[in-house]
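Here is a short tour for anyone opening this structure for the first time. Keep the 3D view handy and follow along, stop by stop.

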Amino acid sequence: MTGPHARTVVRRDHAVIAPETHVPGPVPGWSGSEHVRLISPAMGAGFSMSLVAMPAGAGAGPPPDGAGRFAYVLEGALALEADAGPRILGAGGYAYIPPGTAHSLTASAAARVCVIDKPYVPVPGAPHGRLIVGEAADRPPEPMLGDPALTVRQLLPEEPALDLAVNLMAFAPGAALPFVETHVMEHGLLVLEGTLVYRFADHWYPLGAGDAVWMGPFCPQWCCAYGPGRAEYLIYKDWNREAGA
Ligand code: UGY
Ligand code: MN
């Protein structure tokens, strides 16, 4: 119990949602699961991000009409049935399901899942998304701008059919973003491990595992992992489109 104290803040161009302030709410189709909306158009975002605790056997509700869905398994396992036969996604497994795809996602064991739903933005001549299933452990960590202490695993390929990027960023203790980023793309971020100091606009926050962040378009952003161990986060951005044009 934290009484009146909370690290959570929601501002015009960013939000930090700390786990101690989560309030789950029922969402149609997700019966039996504990569903916490972390990021939503209600706060100004162009997408939603949720943390869902699913008991074994529970199914996922449908994505909103016209939205692509990215699901990342934090713990437990999900069974995905889509075009081909069923596939099991364990911890670190993920799927991108394009809009309008007939599918089911069911917890084959009790699972915690991060779900990102994004209204799909088509481009002429390209297919409207593509089903992608992967495993974080299979994606190679690449140094960011040559810094081996800060690595990025790109979970999705960059291609015209896809309008989003989702990456895992890992920081050795003391590693930092090389400059204060400002970009039109939004971010949704979930800290998976470690401790960071993060700057959003003129505000500075300590972040730890379980904290979620929304960064709106052009929100200046910088961070440093202060240790003692490594830090890692899952980060979404809208990508490969004429954002805000
Ligand atoms: O991909 C990114 O924009 C990333 N470097 N941003 C961030 O970590 N805040
Ligand atoms: Mn960024």
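Which residues are the protein donors of the manganese ion (ligand 2)?

## The manganese site

Before the answer, one thing to keep in mind: this is a predicted model. The protein donors are Glu181 through OE, His183 through NE2, His187 through NE2 and Gln221 through OE1, and they lie 2.1 to 2.2 Å from the manganese ion (ligand 2). Along the chain, the donors follow the spacing E-x1-H-x3-H-x33-Q. His187 sits in strand S13 and Gln221 in strand S17, so this pair ties together parts of the chain that are 34 residues apart in sequence.

What is the arrangement around the manganese ion (ligand 2)? It is octahedral, because the six donor atoms subtend angles of 76 to 173°. For reference, ideal angles for six octahedral donors are 90 or 180 degrees. Are His187 and Gln221 buried or exposed? His187 counts as buried because its relative accessibility is 3%, under the 20% cut-off. Gln221 is buried too, with a relative accessible area of 1%.

## Charged pairs

Side chains of opposite charge can pair when their charged atoms come close. How many salt bridges does a search of the whole structure find? It finds eleven. One of them joins Lys118 and Asp163, whose closest N and O atoms are 2.8 Å apart. That pair links distant parts of the chain: Lys118 is in strand S8 (residues 104–119), while Asp163 is in the loop between strand S11 (147–154) and strand S12 (164–171), 45 residues apart. Both Lys118 and Asp163 are buried.

Now look at Arg230. Its side chain meets that of Glu193 in a salt bridge, at 2.8 Å from N to O. Glu193 is in strand S13 (residues 187–193) and Arg230 is in the loop between strand S17 (221–225) and strand S18 (231–238), so the bridge ties together parts 37 residues apart in sequence. Arg230 also meets Glu232 in a salt bridge, at 3.6 Å from N to O. Elsewhere, Arg7, Glu20 and Asp211 are linked in a network of salt bridges.

## Nonpolar cores

The largest nonpolar core has 31 residues, and Leu38, Met49, Phe70, Tyr72, Leu155 and Leu156 touch the most other members. Where does this core lie relative to domain 1 (23–137) and domain 2 (139–238)? It lies between them, because both domains give residues to it.

Met49 is worth a click. Leaving aside neighbours within four places in sequence, its contacts include Val36, Leu38, Ile39, Cys114, Ile116, Leu189 and Ala212. Apart from this core lies another, of 24 residues, with Val152, Val191, Tyr205 and Val213 among them.

## A look at Leu89

Last stop: Leu89, which is found in strand S6 (residues 87–89). Leu89 counts as buried because its relative accessibility is 2%, under the 20% cut-off. Beyond its neighbours within four places in sequence, Leu89 is in contact with Val73, Gly76, Ala77, Leu78, Tyr94, Ala95 and Val133. How far apart in space are Leu89 and Arg7? They are 32 Å apart, C-alpha to C-alpha, and 82 residues apart in sequence.

How values were computed: Residues are numbered from 1 along each chain as its sequence is written. Chains are lettered from A and ligands numbered from 1 in the order in which they are written. This is a predicted model: local features need pLDDT of at least 70, side-chain atom pairs count only at pLDDT 80 or more; totals for chains, interfaces and linings use all residues. Side-chain values use heavy atoms; hydrogens and water are left out. A salt bridge is a side-chain nitrogen of Lys or Arg within 4 Å of a carboxyl oxygen of Asp or Glu. Helices (H or I, at least four residues) and strands (E, at least two) are DSSP runs, numbered from the N terminus. Buried means under 20% relative accessible area, exposed over 50%, partly exposed in between (1.4 Å probe, protein chains only). Donors are N, O and S atoms within 2.8 Å of the metal (3.2 Å for Na, K and Ca); water is not among the atoms, so sites may look incomplete. Four donors count as tetrahedral if all angles lie between 85 and 135 degrees; four count as square planar and six as octahedral if opposite donors are over 155 degrees apart and all others between 65 and 115; anything else is irregular. A nonpolar core is a set of buried Ala, Val, Leu, Ile, Met, Phe, Trp, Tyr and Cys residues joined through side-chain atoms within 4.5 Å. Domain bounds come from an automatic or database domain assignment. Contact means heavy atoms within 4.5 Å.
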